[in-house]
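Please look through the model shown here with care, taking a few individual residues before turning to the chain as a whole.

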Amino acid sequence: MTLTRREALKLSAAAAAALVAEALLRSKTGFLASAWAGPARASTMPTASRYSNTDNTLQGKESSMHQVATTSGLLSEAYVDGKYVLPKLPYDLSWLEPQYDARTLELHHDKHHAAYVAGLNAALGKLDAARKANDFATIQAVSRDLAFHGSGHVLHCLLWDSMCKGGSKPTANLEKAMKESFGSADACFAQFAAATKAVEASGWGILGFEPVSKKLMIFTCEKHQNLTIWGVAPLLVCDVWEHAYYLQYQNRRPDWVDAFMKIANWEFAGQRLAEVSGM
Ligand code: MN
């Protein structure tokens, strides 16, 4: 089966879970770390220095910049020398007080975020070992670990950059997008707060860019492990909902997957890779 480029893109768009995060991957330099650099560079963000609780100039004449990160934010520091790493906070622990106290921030970053980084590297190690042994007995659990810890790492990197002392106003490009997507910036704020408060148990409120409609959307993510690693761009997908194969294969999903592997369009995946990473 040969798909036209348009059909192929439509097909890939069906991987809706990763669509929003995919926007982060529109950079030319690849993978998650540099992904965040794309939108940041393209924006009208001022070239302020990094956040600093000790640099009083940030509270003075540069305060209108609200300590916006210079280039790409913490995701650019989230993967170093072949390993995911815990980036340093872009501000001192007490910088966000009184809204977010130092001890809470310290535990959140030093313990919880660090655990995601460790779990992510461990999952990758297990996958490496499984491939070498050609033994995928634990693949379900390890795949889940990869998504759980990977999403935790990415989302926490974004979280630290998502807060600054006293808050900040949207940049001009963001405000324009908010108006187009929600009617106004205030409507966006209201929806974001309402949606996030309504998350059942644990989760996230997430403002994202959906690249097909080119609109901003707000999502709540109750189990981030169910949503791949946020920021991953889907390159090739196989549908194993029963509707995809039951007429022909009934309950034999492995037969369907084996058949799919014979018709998998890796050329399209390569085109997608070039699009999202420049590789
Ligand atoms: Mn957290």
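D81 counts as exposed, because 5 C-beta neighbours lie inside 10 Å and a residue is called exposed when there are 12 or fewer such neighbours. This residue belongs to a predicted model, and its place is in the loop between strands β1 (79-80) and β2.

**Backbone details**

- Most residues other than glycine have a negative phi, and most peptide bonds are trans.
- D81, although it is not a glycine, has a positive phi of about 50 degrees.
- K214 is another residue other than glycine with a positive phi, in this case near 60 degrees, and K214 lies in the loop that runs between β3 (204-210) and β4 (215-221).
- K214 also counts as exposed, because 11 C-beta neighbours are found inside 10 Å, and the cut-off for exposed is 12 or fewer.
- The peptide bond that leads from E97 to P98 is cis, with an omega near 5 degrees, and P98 lies in the loop between β2 (83-84) and α5 (102-133).

**A residue in helix α7**

- E175 has its place in helix α7, which covers residues 172-182.
- Is E175 buried, exposed or partly exposed? E175 is partly exposed, because 14 other C-beta atoms lie within 10 Å, a count that falls between the limit of 12 or fewer for exposed and that of 20 or more for buried.
- When its neighbours within four places in sequence are left aside, E175 is in contact with P170 and A185.
- E175 and D186 are 11 residues apart along the chain, and their C-alpha atoms are separated by 9.7 Å.

**The chain as a whole**

- The secondary structure of the protein chain comes to 11 helices and 4 strands.
- Of the 279 residues in the protein chain, 25% are buried.
- Among the contacts in the protein chain with a separation of 6 or more, 62% are made by residues 24 or more positions apart.

**Confidence in the prediction**

- The protein chain has a mean pLDDT of 76, and 73% of its residues reach 70 or more.
- Over residues 1-71 the pLDDT is below 50, and in the model this stretch has 128 contacts beyond near neighbours in sequence.

Note on methods. Residues numbered from 1 in each chain as written. Predicted model: local features only at pLDDT ≥ 70, side-chain atom pairs only at ≥ 80, totals over all residues. Helix = DSSP H or I, 4+ residues; strand = E, 2+ residues; numbered from the N terminus. Contact = placed C-beta atoms within 7 Å. pLDDT = per-residue confidence, 0-100.
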